[in-house]
Amino acid sequence: MNRLYETDYTAWADHTAQLLTKRRFDEIDLEALIEEVTSLGASER
C-alpha cells in the first residue's frame with residue numbers, strides 16, 4: 001500500500017497540517033511526520 005507521503009508529498013503535507021490543526025492526532029501518518037521533522041532538523045544544521 002502506497003502512503004500519500006510517498007505518492008504526493010504536497011497533498012500529504014497539506015493533509016497533515018489540517019489534521020494537526022484539528023487535533024486529529026490519531027489520523028496522522030506519524031512515521032512520515034517523524035521522518036520529515038528529522039530531515040528538517042538535519043538540513044538546518
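Q: Where does His15 lie?
A: His15 lies in helix H2. Helices here are DSSP runs (H or I, at least four residues), numbered from the N terminus. One caution: this is a predicted model, where local features need pLDDT of at least 70, side-chain atom pairs count only at pLDDT 80 or more, and totals for chains, interfaces and linings use all residues. Residues are numbered from 1 along each chain as its sequence is written, and side-chain values use heavy atoms, with hydrogens and water left out.

Q: Is His15 buried, exposed or partly exposed?
A: His15 counts as partly exposed, because its relative accessibility is 38%. Buried means under 20% relative accessible area, exposed means over 50%, and partly exposed is in between (1.4 Å probe, protein chains only).

Q: How many residues does H2 have?
A: H2 has 13, residues 9–21. From first C-alpha to last, H2 reaches 18 Å, close to the 18 Å expected. The expected span is 1.5 Å times one less than the number of residues.

Q: Which residues of H2 are buried?
A: Trp12, Thr16 and Leu19 are buried. They cover an arc of only 60 degrees around the axis, so they sit on the same side of H2. That arc is taken from the directions from the helix axis to the C-beta atoms.

Q: And what's on the face turned away from the buried side?
A: That face of H2 carries the exposed residues Thr10 and Thr21.

Q: What covers the buried residues of H2?
A: The cover includes helix H1 (4–7) and helix H3 (30–44).

Q: Back to Thr16. What does Thr16 touch?
A: Thr16 touches Ile28 and Leu33, leaving aside residues up to four places away in sequence. Contact means heavy atoms within 4.5 Å. The relative accessible area of Thr16 is 5%, so Thr16 is buried.

Q: New topic. How many salt bridges does the structure hold?
A: Three. A salt bridge is a side-chain nitrogen of Lys or Arg within 4 Å of a carboxyl oxygen of Asp or Glu.

Q: Which residue pairs with Arg3 at 2.9 Å?
A: Asp29 does, N to O. This pair links distant parts of the chain: Arg3 is in the segment before H1, and Asp29 is in the loop between H2 and H3, 26 residues apart.

Q: What about Arg3 and Glu31?
A: Arg3 and Glu31 form a salt bridge too, with the closest N and O atoms 3.8 Å apart. Arg3, Asp29 and Glu31 are linked in a network of salt bridges.

Q: What does Glu27 pair with?
A: Glu27 forms a salt bridge with Arg24, the closest N and O atoms being 2.7 Å apart.

Terms used: Helices (H or I, at least four residues) and strands (E, at least two) are DSSP runs, numbered from the N terminus.
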